[in-house]
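Me: I'd like to know what stands behind the labels on this model. Can we go through them one at a time?

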Amino acid sequence: MHVGRIFLALYFLIPGIGKFTSWGTSVALMEAHNMKMIPILLATAGIAQVVGSISLLLNKHVVICALGFAFMTILINFNLHDFWNTYEGVNPERELQNFYKNLGIFAGLLLLAAVNLEEANE
């Protein structure tokens, strides 16, 4: 369980930092998907990913972080990996693969939350 929690934390920490170090690339991706309020959403996602990941690494507030990341993953899936839409420069096969990958991450986050909630109630 600890190894899975650490890998999930790293899965969000590295892209969270990347949102700030590769701001232009992230903005371009969001613009390609016709998203609105890009700077606010991007900064919010980056901060949430970095803070939540650190919290998971420290094994603190695991249920809240896991459920928050699960919610974020689903939002990202339907807004940025919408393989059913066509965007210039976006490969639909790659987006389909990312969509399914994110469903697996979503499931792992729900399991992490459930196990930690169960442990907290014992």
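Reply: Happy to, starting with helices: these are DSSP runs of H or I with at least four residues, strands are E runs of at least two, and both are numbered from the N terminus. N98, for one, lies in helix α5. This is a predicted model, where local features need pLDDT of at least 70 and side-chain atom pairs count only at pLDDT 80 or more, while totals for chains, interfaces and linings use all residues. Residues are numbered from 1 along each chain as its sequence is written, and side-chain values use heavy atoms, with hydrogens and water left out.

Me: Why does N98 count as buried?

Reply: Buried means under 20% relative accessible area (exposed is over 50%, partly exposed in between; 1.4 Å probe, protein chains only). N98 has 14% relative accessibility, so it counts as buried. Leaving aside neighbours within four places in sequence, N98 is in contact (heavy atoms within 4.5 Å) with N77 and H81.

Me: How do you know that the span of α3 agrees with what it should be?

Reply: The expected span is 1.5 Å times one less than the number of residues. For the 20 residues of α3 that gives 28 Å, and the end C-alpha atoms are 28 Å apart, so the two agree.

Me: Which residues of α3 are buried, and what do they pack against?

Reply: Among them are I38, L42, G46, V50 and L56. The buried residues of α3 pack against α1, α2, α4 and α5.

Me: What makes the α3 and α4 crossing left-handed or right-handed?

Reply: A crossing is left-handed if the near helix is turned anticlockwise from the far one by less than a right angle, and right-handed if clockwise. α3 passes α4 in a left-handed crossing. The axes (lines fitted to C-alpha atoms, for helices over the stretch in contact, with angles from 0 to 180 degrees between N-to-C directions) come within 9 Å and cross at roughly 145°. Residues making the contact include A45, G52 and L56 of α3 and V62, C65 and F69 of α4.

Me: What makes a set of residues a nonpolar core?

Reply: The members are buried Ala, Val, Leu, Ile, Met, Phe, Trp, Tyr and Cys residues joined through side-chain atoms within 4.5 Å. The largest one here has 15 residues, of which L56, F69, L109 and L112 touch the most other members. α1 (2-21), α3 (38-57), α4 (62-80) and α5 (92-120) each give two or more residues to this core, with the largest share, six residues, coming from α4. Another core, of six residues, lies apart from it and includes M35, I38, L42 and L80.

Me: What makes the phi of N34 stand out?

Reply: Most residues other than glycine have a negative phi. N34 has a positive phi of about 60° although it's not a glycine. N34 sits in the loop between α2 (23-32) and α3, and it counts as exposed because its relative accessibility is 53%.
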